[in-house]
Amino acid sequence: MKIDVVTLFPGWFAWFLEQRHVRNAEARGHRLEVIDLRATTPLQGGRVDDTPYGGGAGMVIRVDVVEAALAERYRCDPLELPEQRRVVALAPAGRPFDDALASELADAPELTLLCGRYEGFDERVHERLSSDVVSVGPYVLSGGELAAMVVCDAVLRKLPGALGHAESATEESFSAALEGAPEYPHYTRPATWRGTDVPEVLLSGDHGAVRRWRLERSRARAPRLP
Ligand code: ADE
């Protein structure tokens, strides 16, 4: 899989790119590249934003600046891109990012992540240049960079060969194997610690009972609908 991250702050990704799971993914042929949005701006003095029409605080990233970055990168009319690949704009008002969306994005051969800053993107970036607008939670970050790292991390660990054990990704929190519920609790040695024992069923060697207990504990952790 090829992931391109478009950002005004490429330096934020230096640490992320050095991490072992990202390097391992690259060793398996996947690519994660960071593109500086400012490098291709058509505006004087490296400007990328402007004041909002209608007034108000903050600055808005211009659609023509994003267009220029995408045109340079993909050598096509960026209006055609959302038909050809997943172009994900990160914004607090987007579709909530969850396990199902991570799997969906991991199935795509190529992915572009657009990181907003300031008041975010001109709405036409969402409407005309993106296939998806995605939020990592109902709170406002200082920009889309951390959100893009969340998406990259969740997507990279879905790719075949990312995890040591084949089961680890299928039977984990929010997966279909656990009916979308959070994962069951894990324990390891010591079996008794400061008066708290590991649940007996886990020591029983009865695999069927262990499976039933885990599913039941996983279901018990699922948020109740109001
Ligand atoms: N940019 C700022 N806040 C964000 C959020 N919660 N999700 C995605 N992108 C963002």
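Leaving aside its neighbours within four places in sequence, with which residues is R86 in contact? The partners of R86 are R95, L101, E104, L105, A108, E110, L111, T112, S131 and D132, where contact means heavy atoms within 4.5 Å. This is a predicted model in which local features need pLDDT of at least 70 and side-chain atom pairs count only at pLDDT 80 or more, whereas totals for chains, interfaces and linings use all residues. Residues are numbered from 1 along each chain as its sequence is written, and side-chain values use heavy atoms, with hydrogens and water left out.

R86 lies in strand β5, which covers residues 86-96; strands (E, at least two residues) and helices (H or I, at least four) are DSSP runs numbered from the N terminus. Two of the residues in contact with R86 also join its side chain through polar contacts, as the table shows. A polar contact is a pair of N or O atoms within 3.5 Å, of which, within protein, one must be able to donate a hydrogen and the other to accept it, and residues adjacent in sequence count only if both atoms are side-chain atoms.

| Side chains | Polar contact |
|---|---|
| R86 and E104 | 2.7 Å |
| R86 and D132 | 2.9 Å |

Strand β5 runs parallel to β6, and 5 bridges join the two, with V87 having T112 in β6 as its bridge partner; strands pair if DSSP finds at least two bridges between them. Strand β6 (residues 110-115) also pairs with strand β1 (residues 2-7), again in the parallel sense and over 5 bridges, and here V6 stands opposite L114. Of the 6 residues of β6, 5 are buried, meaning under 20% relative accessible area, while over 50% counts as exposed and values in between as partly exposed (1.4 Å probe, protein chains only). Helix α5 (residues 99-106) belongs with β5 and β6 to a right-handed β-α-β unit: with the strands pointing away from the viewer, the path from the first strand over the helix to the second runs clockwise.

The structure also holds 1 aromatic pair. W15 and F16 form this tilted pair, at 6.4 Å centre to centre and 45° between the planes; W15 counts as exposed because its relative accessibility is 55%, whereas F16, at 3%, is buried.

For the chain as a whole, there are 9 helices and 9 strands, and the C-alpha trace spans about 70 × 40 × 35 Å along its principal axes. Buried residues make up 38% of the 226 residues.

Notes. Rings of Phe, Tyr and Trp (its six-membered ring) pair if their centres lie within 6.5 Å; planes under 30 degrees apart count as stacked, over 60 as edge-to-face and the rest as tilted.
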